[in-house]
Amino acid sequence: MRITYCSADMDAASWIPGLQAAIPGAEVTLWEPGGPPADYAVVWKPPQQLLDEQGPHLKAIFNTGAGVDAILKLRLPPHVPVIRLDDAGMSVQMAEYVCHAVIRHFREFDAYDRDTDNGKWSFRKPRSRAEFPVGVLGLGVLGERVARTLTQFDFPVNGWSQTPKDISGVACYHGKAQLNDFLAATRVVVCLLPLTPETENILNADTLGRLQSGGYVINVARGAHLVDADLIALIDSGHLAGAQLDVFRTEPLPKGHPFWAHPKIAITPHTSARTLRSESIAQIARKIEALECGQAVAGVVDMDRGY
Ligand code: OXD
């Protein structure tokens, strides 16, 4: 069996020997144009040429990240399943990131940092958790883990997804018809949606304007979910208290973009949930073994839904 590996961001020098060790019968090589046909491709943001050349022979394509929007923009070989990582150590990182952001905002730790930087020792009045309902947009593997973890801190938690979900302790809304009710019941919104034509620009003046006053935005999905200028306008008007953003329309965030300097917007460089190499390799190896035995595997992307 031959496996071809190609990643725009990840370190091939570690991935290739890792995959080789986990799948001893395979020959794992770095993709190069005109290379020999492979049975499986393990990729992150591959070039179109890889899919055109290797596509006809492949049994499956493994996407080494959580989001599949980048690969779905390419011309894919028909009938070859695209398989995403499911969890592989990402959901706990996402839960950490989001809980940290929610708690930092709720407990005003950003303001304490400013106080102590100025040599000031002063307490703030405790806020009521009941007044900080958190709403998670997108209840896939990552969103569900985040929603469940937030309930452990006793925040009221809402969730919204395309199809109905039932998660203990989470008020679940679904479909377009219930989006406005979800927003009206939410003060801190967390975006964990897949990026599809339906969800692009979903965080805009209308939807963010429906959040409870003093709302806060946490975007850990894709930059294209958010209309940047609408967020800034709603923060500057006082309707929103601020935002924590990990993803941007252009990454790295261009120098001079207003998010860099906005005092109420905190940014991180797309780091909320990193692909963990050994967990991911172990998962891909298990899935290849299952596919070779003719078994179904989890994480196959539904091309019609786009995630
Ligand atoms: C992603 C990832 O999909 O980093 O954003 O895995």
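**View 1. Surroundings of the ligand.** W44, G65, A66, G67, M90, R222 and H270 surround the ligand, a residue being near if one of its heavy atoms lies within 4 Å. The model is predicted: local features need pLDDT of at least 70, side-chain atom pairs count only at pLDDT 80 or more, and totals for chains, interfaces and linings use all residues. Residues are numbered from 1 along each chain as its sequence is written, and side-chain values use heavy atoms, with hydrogens and water left out.

**View 2. Ligand oxygen distances.** An oxygen atom of the ligand lies 2.8 Å from a polar backbone atom of A66. For the side chain of R222, the distance from a ligand oxygen to an N or O atom is 2.7 Å; for that of H270, the corresponding value is 2.9 Å. Of the 210 Å² that the ligand exposes when taken alone, the protein buries 87% (Shrake-Rupley method, 1.4 Å probe).

**View 3. Aromatic pair F106 and F132.** The two rings are edge-to-face, 5.1 Å centre to centre with 70 degrees between the planes (rings of Phe, Tyr and Trp, the last by its six-membered ring, pair if their centres lie within 6.5 Å; planes under 30 degrees apart are stacked, over 60 edge-to-face, the rest tilted). F106 is buried at 5% relative accessible area, and F132 is buried at 2% (buried means under 20%, exposed over 50%, partly exposed in between; 1.4 Å probe, protein chains only).

**View 4. Charges over rings.** The charged end of R187 sits over the ring of F132, 3.8 Å from its centre (NZ of Lys or CZ of Arg within 6 Å of the ring centre and within 35 degrees of the ring normal). The charged end of R129 sits over the ring of F155, at 5.2 Å from the centre.

How values were computed
Polar contact = N/O pair within 3.5 Å; in protein donor to acceptor, adjacent residues only side chain to side chain.
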